[in-house]
Amino acid sequence: MKAVVFAWVSLLTIAGPLNGAERLVMRVSPAVAMAPAWVTVQTTVEADTENRALEIIVESNDFLRSSTIQLNGQHSPRVNLFHFPNLPVGQYQVTGIVAGSAGRRATATSWLVVSGRPPR
C-alpha cells in the first residue's frame, strides 16, 4: 500500500506545475568547459495555452548562437534539450525566452565560461 501511495505522489509531483511563478527553468551543462565546448541547455516550461515559442540565446562579446522551437501551448513537451557544439573561448550569457502571442511570457538567465587550453 505504501508503494502505491508513493507512486501516485511521485506522479503528481512530476506532472504538477512548476513552483510559483517559474514558467521557465533552465539548466546549462557544463557551466565551465574547455574550448571548443559542447554545451547542453535543458529547459522545463510550464504547460500553458499561451506558449508559442522557446528561444535559447548563447552570447559572448565575440560570439552569438541561438535556437528557437515552436511550442503548441499546453500540448508542448515540458522538457526540451538544446545542444550548442564548438563554442569558442569566452564568458557567455545564456538566456531562455518563452514567447506567447502577446510577447515575452518568461525568461531565465545563466552564465557559462569556456576557457582555452593552458599553455604547455
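Modeller: V113 lies in strand β8. A strand here is a DSSP run of E over at least two residues, a helix is a run of H or I over at least four, and both are numbered from the N terminus. The model is predicted: local features need pLDDT of at least 70, side-chain atom pairs count only at pLDDT 80 or more, and totals for chains, interfaces and linings use all residues. Residues are numbered from 1 along each chain as its sequence is written, and side-chain values use heavy atoms, with hydrogens and water left out.

V113 is partly exposed, at 36% relative accessible area. Buried means under 20%, exposed means over 50%, and partly exposed is in between, with a 1.4 Å probe and protein chains only. Leaving aside residues up to four places away in sequence, V113 touches A31, V32, A33, G90 and Q91. A contact means heavy atoms within 4.5 Å. Q93 sits 20 residues from V113 along the chain, and their C-alpha atoms are 8.9 Å apart.

Now follow β8 (residues 103-115) to R105. R105 forms a salt bridge with D48, and the closest N and O atoms are 2.9 Å apart. The pair spans 57 residues, since D48 belongs to the loop between β3 (37-45) and β4. A salt bridge needs a side-chain nitrogen of Lys or Arg within 4 Å of a carboxyl oxygen of Asp or Glu. Side chains of opposite charge can pair when their charged atoms come close. The structure holds one such bridge. R105 is partly exposed, with a relative accessible area of 22%. D48 is also partly exposed, at 22%.

Next, the sheet around β8. This open sheet has five strands in the order β2-β8-β7-β4-β5, and the pairing is mixed. Two strands pair if DSSP finds at least two bridges between them. Strands of a sheet pair through backbone hydrogen bonds, either parallel or antiparallel. The edges are β2 (32-34) and β5 (64-70), which each pair on one side only. Neighbouring strands are turned by 20 degrees on average, direction ignored. Those angles run from 0 to 180 degrees between N-to-C directions, with axes as lines fitted to C-alpha atoms.

Strand β4 (residues 51-59) is worth a stop. Eight bridges join β4 to β7 (residues 90-100), and the two run antiparallel. In that pairing L54 stands opposite V98 in β7. β4 also runs antiparallel to β5, through seven bridges. There V58 stands opposite R65. A hairpin of four residues joins β4 to β5.

T43, in strand β3, touches L24, V25, M26, L54, I56, R78, V79, N80 and F82, not counting residues up to four places away in sequence. T43 counts as buried because its relative accessible area is 0%.

β3 belongs to the three-stranded open sheet β1-β3-β6, where the pairing is antiparallel. β1 (24-29) and β6 (79-87) have a single partner strand each, so one side of each is left without a neighbour in the sheet. The twist from one strand to the next averages 15 degrees. Seven bridges link β3 and β6 in the antiparallel sense. Here T40 stands opposite H83 in β6.

Step back to the chain. One helix and eight strands make up its elements. From the N terminus they run α-β-β-β-β-β-β-β-β. Of the 120 residues, 35% count as buried. Among contacts between residues at least 6 apart in sequence, 60% join residues at least 24 apart. The chain exposes about 7,800 Å², and carbon and sulfur atoms supply 57% of that area. Such areas come from the Shrake-Rupley method with a 1.4 Å probe; for residues, only the protein chains shown count as cover.

Last, confidence. The chain averages a pLDDT of 85, and 80% of the residues score at least 70. Residues 1-20 have a pLDDT below 50, and this stretch makes twelve contacts in the model beyond near neighbours in sequence. pLDDT is the predictor's confidence in each residue, from 0 to 100. Where pLDDT is low, the predicted coordinates should not be read in detail.
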